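The points below may be read in order, with the structure at hand.

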Amino acid sequence: QQDLMTGREWQHGFYVRDRWNATPKLTLDLGMRWEYYPIMRRANRGIERLDLQTLEAIIGGVGGNPDNVGLKAALNNFAPRLGAVYRWNDKTVLRTGYGITYNPIPWSRVLRGDNVYPNVLAATFVNNDAFGYFGTIDQGIPTLSAPDISSGRVRVPNAATMWTPEVDNVDRSIFHSWNVAFERRLMWDMSVDVAYVGTKTDGGYAALDINAPTTLGGGNASRPFASMGRTNPIFSFGQRLRNRYHSLQLAVNKPFTHGLLIKGAYTLGKAMNMSSNDEDGRVTLHWNTPSQIERNYAVAGFDRRHNVQVGFLYQLPWKGDDGYGNVFDAVISDWQLNGVFGAFSGSPFNVTASGTQLNTPQNLQTADQIGDIKKVGEVGASGLYYDPSAWAQPQGVRFGTSGRNSVRGPGGVNLDL
């Protein structure tokens, strides 16, 4: 590590809101938020960016370079919010809402320095021959020397890890969120709430290897920057991801009356995204070759199609309101029965295969699905959950027929009582 990881950045927000009782039955919540995210810098200089024409790291604030190394923060991050509540009658309420939120992920999380040359001298040494080795134990690990950054430009060695923000593609993504809900009070002090909830995001942050092979089977030789001596990845950080979520949500609630409380919820939902942990911005993609980018968009790894959660409390009828007359009354009085029940679908996963024959680095090889998927049902050391004969190793220079997160693992049922 040549420099300390000293990310510095500000996040500014200004919000105006008004609640308007338009009629005795209709209430509107109106709001507007403006956000500004100046470009991150280090404690004693600006950040770094890779010059793709020369494969030199441009050091912000050094050698006459601007601190922002040519990156610009957007000034038009306006986020409107709208909510409405309509009281149909004393027992029925309709609610709806829509809002925009800008991605608040700090760049100090993504570009803190451990993956940026020359802050940290991390290196990966590979042989262009997928079946060969780079060197012997006697030869040892090559030395990666700390460079002189006084000129503001440093050639990035082939072995060095490099993430670089992408000029004109680093604006904050927009999260669109909306919902429509119907709530009805029932007998026995119970209420039921039925809602549709959805979100949509385009341009979420991720790092794409822009040096991934352009030809299937071409190996490192078909990497775009191979002619410049770069056969390791170049992770270009910017707006990449597309996310979608739609759900039907049902809630049943009964406050604690007549000795009974119930809070229950069921969600039927579907989440689609392009990366396994896209919520934190510091992500890469399974498929980086330009012709294969769309393979990344699939059911999210955290998707649980069905989810039921119920909490309850029941006060047993033997109450000691008048005190305890004897030991027997003290033992049997004032007991409660309470618990939490949960049941949920399994999360999806990839069925992978060897990528040696494919020879297309920075791309995940998946298995061919050659038959119907048969559920065995065993979990852990007990055995297999699926019969593996449904899949096979792809032959030739091609990707397998199964996609990302194409199969679901076991769900769960739990009762705490």
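**Notes on strands, rings and selected residues**

1. An open sheet is built from three strands in the order β3-β4-β7, and the pairing within this sheet is antiparallel. Strands here are DSSP runs of E with at least two residues, numbered from the N terminus, and two strands are said to pair if DSSP finds at least two bridges between them. The edges are taken by β3 (48-51) and β7 (153-155), each of which has a single partner strand, so one side of each is left without a neighbour in the sheet. On average, neighbouring strands of this sheet are turned by 30° against each other, direction ignored, where the axes are lines fitted to C-alpha atoms and angles in general run from 0 to 180 degrees between N-to-C directions.

2. Before going further, please keep in mind that this is a predicted model, in which local features need pLDDT of at least 70 and side-chain atom pairs count only at pLDDT 80 or more, while totals for chains, interfaces and linings use all residues. Residues are numbered from 1 along each chain as its sequence is written, and side-chain values use heavy atoms, with hydrogens and water left out.

3. Within the sheet of the opening point, strand β4 (residues 56-59) runs antiparallel to β7 and is joined to it by three bridges. In this pairing, A57 of the chain stands opposite V154 in β7.

4. Further along, strand β14 (residues 306-315) pairs with strand β15 (residues 336-344) in the antiparallel sense, over nine bridges. β15 also pairs with strand β20 (residues 412-416), again in the antiparallel sense, over five bridges. How can these pairings be followed through single residues? V310 has F341 in β15 as its bridge partner, and F341 in turn has L415 in β20 as its bridge partner.

5. Q336 belongs to strand β15, and with a relative accessibility of 42% Q336 counts as partly exposed (buried means under 20% relative accessible area, exposed over 50%, and partly exposed in between, with a 1.4 Å probe and protein chains only). Although Q336 and Y314 are 22 residues apart along the chain, their C-alpha atoms are separated by 5.6 Å. Once neighbours within four places in sequence are left aside, Q336 is in contact with L313, Y314, Q315 and L316, contact meaning heavy atoms within 4.5 Å.

6. How many aromatic pairs does a search of the whole structure find? The search finds eight. The rings of W34 and Y36 have their centres 6.1 Å apart and their planes at 10°, so this pair is stacked (rings of Phe, Tyr and Trp, the last by its six-membered ring, pair if their centres lie within 6.5 Å; planes under 30 degrees apart count as stacked, over 60 as edge-to-face and the rest as tilted). W34 is partly exposed at a relative accessible area of 27%, and Y36 is likewise partly exposed, at 24%. Y385 and Y386 form an edge-to-face pair, with 4.9 Å from centre to centre and 85° between the planes, and both of these residues are buried. One aromatic cluster is formed by W107, Y205 and F237.

7. R242 lies over the face of Y297, at 3.8 Å from the ring centre, and R282 lies over the face of W163, at 5.9 Å from the ring centre.

8. T366 sits in the loop between β16 (348-349) and β17 (368-369), and its relative accessibility of 0% makes T366 buried. Its side chain makes a polar contact with the side chain of R295 at 3.3 Å (a pair of N or O atoms within 3.5 Å; within protein, one must be able to donate a hydrogen and the other to accept it, and residues adjacent in sequence count only if both atoms are side-chain atoms). The side chain of T366 also reaches the backbone oxygen of S402, at 2.6 Å. Not counting residues up to four places away in sequence, T366 touches several residues, among them W287, V351 and P394.

9. R240 has its place in strand β11 (residues 235-257) and counts as partly exposed at 21% relative accessibility. A polar atom of the R240 side chain lies 3.1 Å from the backbone oxygen of S236.

Conventions:
Lys NZ or Arg CZ within 6 Å of the ring centre and 35° of its normal. Helix = DSSP H or I, 4+ residues; strand = E, 2+ residues; numbered from the N terminus.
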